[in-house]
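Student: I would like to go through the terms used for this model and check what each one rests on.
Tutor: Here it is.

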Amino acid sequence: LKIIEFVKELPNRPVLAAFTATATNIVKRDIEKILELNNPFKITTGFDRSNLYFEVQQMKDSEKNHALVDILRQSENCNAIIYCSTRRNTDNVYGFLHEKGFKVAEYHAGLSAEERRTAQEDFIYDRVNVIVATNAFGMGTDKSDVSLVIHYNMPKDIESYYQEAGRAGRDGSPARCILLYSKSDVRTNRFLIEHGHEDSGLSDDEIE
């Protein structure tokens with residue numbers, strides 16, 4: 001809403017372009033009106049991205065770490081994001097992969113701003129090739145060569161899943177999106193929806 005005020009203070013109005021990922025038709029019309037766009041050129045693409053391969057692996061919770069190692073070793077040295085539903089899971093998965101010798105960082109809201117900044121920069125600049133994170137990570141991450149997104153837990157809805165998985169393959173190269181599903185994920189999501197959110201510090205004991 002402040003953009004047009006700024007534009008009007010400039011000596012000459014520049015060319016404006018507006019981009020959005022999920023806007024409804026009403027929101028699109030509001031953007032045109034608020035930015036005072038005059039008969040703008042518009043292009044809309046579909047949500048289908050043919051370079052992404054989606055896979056669900058059903059397993060017990062106790063099997064997830066083993067599956068994680070297998071997947072990462074099959075995709076050696078690729079850039080990977082691993083999403084977890086809670087901070088506790090993020091910490092545990094990060095510690096496990098670090099002990100296994102992977103170049104890994106972690107990111108969640110329980111870390112300091114400096115720790116989050118360092119983790120994000122380490123991943124962006126290829127000092128590490130794996131980052132374990134809650135869904136707080138990725139919104140502003142400019143890294144096009146992520147070729148693997150693993151969901152350690154099932155997200156709470158399909159929109160969240162597609163948004164997070166869609167951070168893979170932004171350069172158009174083939175990428176894999178793998179969900180490690182266990183029945184307890186349903187219970188976890190039900191609890192988070194009713195009592196918390198994905199970036200909470202809840203432990204599995206509290207959820208149970």
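Student: In this predicted model, which residue of β4 is the bridge partner of A80?
Tutor: The partner of A80 is V130.

Student: What makes β2 and β4 a strand pair?
Tutor: Pairing requires at least two bridges. Strand β2 (residues 79-83) and β4 have four, in the parallel sense, so they count as paired.

Student: How do you know that β3 and β4 pair?
Tutor: Four bridges join strand β3 (residues 104-107) to β4, again in the parallel sense, and the cut-off is at least two. One of the bridges joins A105 to I131.

Student: Why is the pair F54 and Y162 called stacked?
Tutor: Ring centres must lie within 6.5 Å, and planes under 30 degrees apart count as stacked. For F54 and Y162 the centres are 6.1 Å apart and the planes are at 20°, so the pair is stacked. F54 belongs to strand β1 (residues 52-58) and Y162 to helix α6 (residues 158-165), 108 residues apart.

Student: Why is F54 called partly exposed?
Tutor: Its relative accessibility is 34%, and the class runs between the limits of 20% and 50%. Y162, at 27%, is also partly exposed.

Student: What makes K143 a charge over the ring of F123?
Tutor: The limit is 6 Å from the ring centre, within 35 degrees of the ring normal. The charged end of K143 is 5.4 Å from the centre of the F123 ring and sits over that ring. K64 lies over the face of Y152, at 5.3 Å from the ring centre.

Technical notes
Residues are numbered from 1 along each chain as its sequence is written. This is a predicted model: local features need pLDDT of at least 70, side-chain atom pairs count only at pLDDT 80 or more; totals for chains, interfaces and linings use all residues. Side-chain values use heavy atoms; hydrogens and water are left out. Helices (H or I, at least four residues) and strands (E, at least two) are DSSP runs, numbered from the N terminus. Rings of Phe, Tyr and Trp (its six-membered ring) pair if their centres lie within 6.5 Å; planes under 30 degrees apart count as stacked, over 60 as edge-to-face and the rest as tilted. Buried means under 20% relative accessible area, exposed over 50%, partly exposed in between (1.4 Å probe, protein chains only).
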